[in-house]
Structure formats: structure tokens, C-alpha cells
Amino acid sequence: MSDWLIEDWLASACADADRRGLPALKPLLSALADATRALRAVDWYEALSATPSAWPSATRPRQQPGDEDRPGDGEPR
Amino acid sequence: MTAPLHFHTITELAPLVAAGRLASEDLTRACLAEIAAHDDALRAFITVLGDDALVQARALDAETAAGRCRGPLHGIPISLKDLIDQRGVPTTAASRVREGHVAAGDATVTARLREAGAVFVGKTNLHEFAFGTTSDDTAYGAVHNPHDPERSPGGSSGGSAVAVVTGMSIASIGTDTGGSIRIPSAACGTVGLKPTWDELPCDGIVPLSRSLDHVGPLARSVADAWLLYLIMRGDATAARWPLPMRRAARGLRLGIPRAYFHDILDDEVRGRFAESLTWLRQAGAEMVDVTIPHAAGTAPVYLHASLPEASAYHAATIAACPERYTPNVRLRIEMGRYLLAEDHARAQVAREVLRADVDRALAGCDALALPTLPIPAPPIGAGTVDVAGTPESVRNMMLRLTQLFNLTGHPAISIPAGSTEGGLPCGFQLVGRRHDTEGLLATAAACEPHVTA
């Protein structure tokens, strides 16, 4: 997901906080948006694939037909 | 022994109680007297079990007189963080949300401690629902640090650390979801152990984030923490006494992660940590630099892992009675409701990466060594503190060096390591291999005499 979607989410969340009478929540939502950008700045799936022994068998994604054609980062998945 | 008896360790007191030379009732009365004298100012306790504690103590003294000793915890006064159920006693979680609650039974760890002969003197104050690191957002009044009452004792198990330091109880049981045992231990100068995740049962304990929650001891020595850990684990070896504690510091190999962990440190904290390493090196320990490549991602991963779990637990009460929460805790719970499931899932993958990072850093080492807190205890109510000329968020600073090991589940312990010129304690943190908490305790016992000034 690219940054503009985080901005979109943040605007929506802040509007909801206002609607619920919780304007004090908006700075925390902005901080959460920053943290989400930081979280997404790392490709954790790629990092995990670089450490095969770390994969728990129950969560290791299976190779699916057509995976070789999957879109790159920043594109819809 | 020169200090009053109720300031000594379980290790020192147990033989006296077992031999009938020290009555549990006298020890319990001494702890209750400390509470009566100082707790109005420090606010370490939410519930004090004065008469009930004395009844427990007399019953245990009667057992001793009859020739029965349950083990090293027999007749020792301890306290429980007020998230942990004790039958017949309120579990408030330091919140008005829980008004009227009385625990129907003991948490499993409470039952094991009771069976081992503990005397419960009371339930300690905390950051409301353990959702914070400073113990000032609580329905029962901010907890004060006994080393400087204008400062926080850390949290969330702030009352537990204060109780241990001030002689209000010989040890205490806390919980740790991002550092909540180790942080107050460092800020107040106690030993605090977070075992490997899922090693000690958390049933009967109000959860914060279940996949990150741990229960563990705050104590006056590594030996005491080890004993309490074994008892709470339900291990028959807890009856062994004395514990096979000491290995020499000589030959220990400690991994020192510097990148990220030393990037933001108060100058005095940095100095005390460097001194500890020097003393350990002089004692024959070896230090090797190690790296945890993704450590810089810890805080956002922690936020996205922990918040949804906390918000899910509180969903019904935050909808029904939001005004009963303290304002800051309410806002943090509300924040978690906006977090996207996709990012929570991403954080779970990140935890696997971080776990592998820490496992690799530990390869060939007995433990990792790092400061517990990057700053001394902050002023009560402060939002930011100055660290080497830069304002930093208190919350971020308090969690910065501890929360990684909640994400990964590795056991970690904080031991006292000197203090600042102003008399505020500093903590020395050791991190061990998963599922080898006793190995970590053995390493900590070896380090303890060399880092504790």
C-alpha cells in the first residue's frame, strides 16, 4: 500500500474521531500513521525469506502457480 | 545482617524462618509497618491485606512449630501486582472499570506461591491495565519513586518495584508486556525477570496483549528471582535449597548489541553500563559485538502487534463505560481500534524476523547485555525528556530497550547496576536463549556481584 492510502486512512480516521467527540485522539492517529509508514518501509516478507529457518511451517506461504508473475512492491496485491 | 530483617533477601531469611529463629508474623508485621508509614506518600499499594496477612503468617508459624516447612518461601511476605487474581480479593487493574470485582479464585501462579508458603501482604498499584510505563495513569494515584518522589518508579509494575525497595514486601510478582517488570526494576533498583514467553501460566491475570504478556518476579537478588520463577513454574526443584547458583564470571561470553541500542542513551546511563562491562571484563568475562539487523523496526512492530490485542480485550468496556478509564489509557485503547488488520499481520511476520535476528545474535554467547532503560527515572507526568540535548518521548524511551524481547519471547532480566550522581538507579539487562530461562539466571547470578555497585 502506498503512502497516499495511509493519508486517506488517516483523514478518514480523524474524521471519525471528530464525529465521536474524540479530537484528542487525532495526534495519536497521526503518530500511528507514522508508525505504519515505518512498519511498511521494511519488506518483512522478503526479510523472512532471507532467514528460512525462521519460517514456522504453519505460516510459511506456499508457492502458488503464477507467483513468478506477481506484482512488485507498491502495486496492488 | 545490619539492615532490618525485612530488607533482606529470601535467600537470607529462609533459613531463619525454617529454623524457627524468625517468626513469619514478625516479618509480616515489619512489612505492614513500612506500608503504614510510607504508602500514603508512595502509593505502592491498592489493597493492603493487614489482618489477613497476619492470619496467614500465624498459620505458617504454627506449621513451623509443628516441624513442617514448605520450603524457602515458607512465611515470606510478598505482594502481587493488582492484575493478578488472589481469591476473595479485588483485582482492580488500577481502574475504575473494575470497581466491584472480587476474584473468585487464585491465578495459577498465586496458587503455586500460596502452596509454597508465601504470605500475601497486598495488591500493588500499576499503570491502569498495565497500559503504560510510568504508573501515573491509575485510578489510585500516581506511584512515586522512593529514590526521588518527584519521579516515576517506571511501570507498569511500579508499585511492585517500590514495595520491594522499601521493605513493604520481600518480593513481588509483576507482569511484562513491553518491559513492565524490567522497566520499574531498573528505575527503582530491583532485580526483575521476564521468563521465556508462555513458560509461566497467565490464567487468572488480566491480559494486556496476550501474545506478549509474561508474568515474573521482582526481587532483591537473582537468587530470589530464580526461586520465585521455579515456584511459579510449578517445578519440584523449587524445593531444592540452596539453589545451585554460582558460576564464575570468568569464561562468560556476552554479546553486546550496539547499533540502535546505544544510539540514544543518557550520558550517565551510558557511563554506568560501560563501567559494568569493565568490571565484568576484569572478572574474566569476554565481550563480543553482535548485531540485530532489524532492531530499528522494533517500535512500529510492537505498536502494530500489541494495540489490536489490547483494544479487542477492552472493546466491550470501552464502548459501555469509556469515562471510567483514565484519559490517556482510553485514548490508546481507542487508537488500536483504527489499526488495519493488514498491518497487524505484517507485524506478526516482522516478529519472526526479529526472533531469528536475536537467535543469531545469541549464537555463541551466554547472553546479550545492554542497558534496561536508556534514561534514569523520568519526572512524574513528563511527556518528553532531554537525552543528550534532544527531546525524546518518555514512552518511547521507556520501552526502547525492552519491548523487542516481548516481541521475540526471549527471557530477559534486569539487575541493578549503580546509580546516577543524583542517586537514580540504572539497570543492566541480560537476554538469554528462548526456553533456557535458567541458563539466563545462571549467567545473571554470575554477573550480579560485578555490576551491582
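## Basis of the model

Because the model is predicted, local features require pLDDT of at least 70 and side-chain atom pairs count only at pLDDT 80 or more, while totals for chains, interfaces and linings use all residues. Residues are numbered from 1 along each chain as its sequence is written, and chains are lettered from A and ligands numbered from 1 in the order in which they are written.

## Contact between chains A and B

Chain A contributes 20 residues and chain B 21 residues to their contact; two residues are in contact if their C-beta atoms, placed from the backbone, lie within 7 Å.

On the side of chain A that touches chain B, helix H2 (26–40) and helix H3 (44–49) of chain A each supply at least two residues. Helices (H or I, at least four residues) and strands (E, at least two) are DSSP runs, numbered from the N terminus. H2(A) gives the most to this side, with seven residues. By class, this side has 17 nonpolar, three polar and no charged residues. Here Ala, Val, Leu, Ile, Met, Phe, Trp, Tyr, Cys and Pro count as nonpolar, Asp, Glu, Lys and Arg as charged, and the others, Gly among them, as polar.

## Domains of chain B

Chain B is assigned domain 1 (5–239) and domain 2 (253–293 + 361–451), with bounds from an automatic or database domain assignment. Their centres, taken over C-alpha atoms, are separated by 24 Å. The contact between them takes 38 residues from domain 1 of chain B and 37 residues from domain 2 of chain B.

On the side of domain 1 of chain B that touches domain 2 of chain B, helix H6 (182–188), strand S5 (191–194) and helix H7 (222–232) of chain B give two or more residues. H6(B) gives the most to this side, with six residues. The residues of this side comprise 16 nonpolar, 14 polar and eight charged.
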